[in-house]
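Work through these exercises with the structure open beside you. Try each task before you read its solution.

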Amino acid sequence: MMLKIYPDRRWPAFLRVLADTTVFFWTVVWAYLGFLIYQTVMGLEVIADGIINTGTTFDGWIESFRSAIPGGIPAVTDFLMNIANQLRKYSGDPMIAAGHQVHDAIIQVAVLLALLVAVPPILLVLVPYAAWRWRDMREIGAALAFVRIASITGRADQARAVLAYRAISTLSFRQLMSASADPVGDIAERRYERLADAMLKRAGLDPSRLAPPELPELPAHREPRERPEGRHRRR
């Protein structure tokens, strides 16, 4: 299967380049917009970080309090240790766990919102356009293969006939009359060039591609030199 990305003619090729560029920038713009939304939502991470830092700070305070309890003091040491054990029930571990849950939820929401904003408009344009461009490249490539085989095998005239009949059955009446003032007469008189050229132009190819291959130049014919009669006479 042969693929040809752009047609031979400038105007159709320019239109396809313009369409490709437009779809590319459309995709980039919406992808960047989705990225901006992702960054905006991820900015809420400071809330989760604040909760985690608060829990960590509270645990640090409890640990510092336990480390500062003097030992060996009757009644006082036991009293302070009981207070430290009571504080452990209200440690910052639940806050740290809650902060991690909030952090995970923020990431999920950021990714989901970014995809919901960016993916639908990208797919809405990219999928049908990519399918059309793939069919278009295959069609132009198949036409190019048809022309090349006809030119290589020396069947350019037969290929023009095929293209002319295809033009009659494929082109609209406006395109048909633009290609030839008398399409029926061209077919009847086997004047296939104009209709074949119109069909090649519609396929995106330059009609000169179907020109017959140039024959190699033959060497110039040389006349044999005449021999002098006197040298070959018998005495």
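**Exercise 1.** By about how many helical turns are Asp157 and Arg160 separated in helix α5?

*Solution.* First, some ground rules. This is a predicted model, in which local features need pLDDT of at least 70, side-chain atom pairs count only at pLDDT 80 or more, and totals for chains, interfaces and linings use all residues. Residues are numbered from 1 along each chain as its sequence is written, and side-chain values use heavy atoms, leaving out hydrogens and water.

Step 1. Find helix α5, residues 156-170. Helices here are DSSP runs of H or I with at least four residues, numbered from the N terminus.
Step 2. Asp157 and Arg160 sit 3 residues apart in α5, so about one helical turn separates them.
Step 3. Recall the general rule: an α-helix has 3.6 residues a turn, so residues three or four places apart point the same way.
Step 4. Check the pair for a salt bridge (a side-chain nitrogen of Lys or Arg within 4 Å of a carboxyl oxygen of Asp or Glu). Asp157 and Arg160 form one, with their closest N and O atoms 3.2 Å apart.
Step 5. Classify each partner by relative accessible area: buried is under 20%, exposed is over 50%, and partly exposed is in between, using a 1.4 Å probe and protein chains only. Asp157 is exposed at 56%. Arg160 is buried at 13%.

**Exercise 2.** Trace the salt bridges of Arg133.

*Solution.* Step 1. Start with Asp20. Its salt bridge with Arg133 has closest N and O atoms 3.1 Å apart. Arg133 lies in helix α4 (residues 93-152) and Asp20 in helix α1, so this pair ties together parts that are 113 residues apart in sequence.
Step 1. Look at burial. Arg133 counts as buried at 6% relative accessibility, and Asp20 counts as buried at 18%.
Step 2. Move to Asp136. Arg133 also forms a salt bridge with Asp136, at 3.2 Å between the closest N and O atoms. Both residues lie in α4, 3 residues apart, or about one turn of the helix. Asp136 is buried too.

**Exercise 3.** Describe how α4 and α5 meet.

*Solution.* Step 1. Compare the axes, which are lines fitted to C-alpha atoms over the stretch in contact, with angles from 0 to 180 degrees between N-to-C directions. The α4 and α5 axes come within 8 Å and cross at roughly 145 degrees.
Step 1. List the contact residues (contact means heavy atoms within 4.5 Å). Helix α4 gives Glu139, Phe146 and Ala150, while α5 gives Ala156, Ala159, Val162, Leu163 and Arg166.

**Exercise 4.** Is Tyr165 buried, partly exposed or exposed? What does Tyr165 touch, not counting residues up to four places away in sequence?

Step 1. Read its relative accessible area: 45%, so Tyr165 is partly exposed.
Step 2. Leave out residues up to four places away in sequence, and Tyr165 touches Ile187 and Tyr192.
Step 3. Check one C-alpha distance: Tyr165 and Ala196 are 31 residues apart along the chain, and their C-alpha atoms are 8.3 Å apart.

Note on methods. Helix = DSSP H or I, 4+ residues; strand = E, 2+ residues; numbered from the N terminus.
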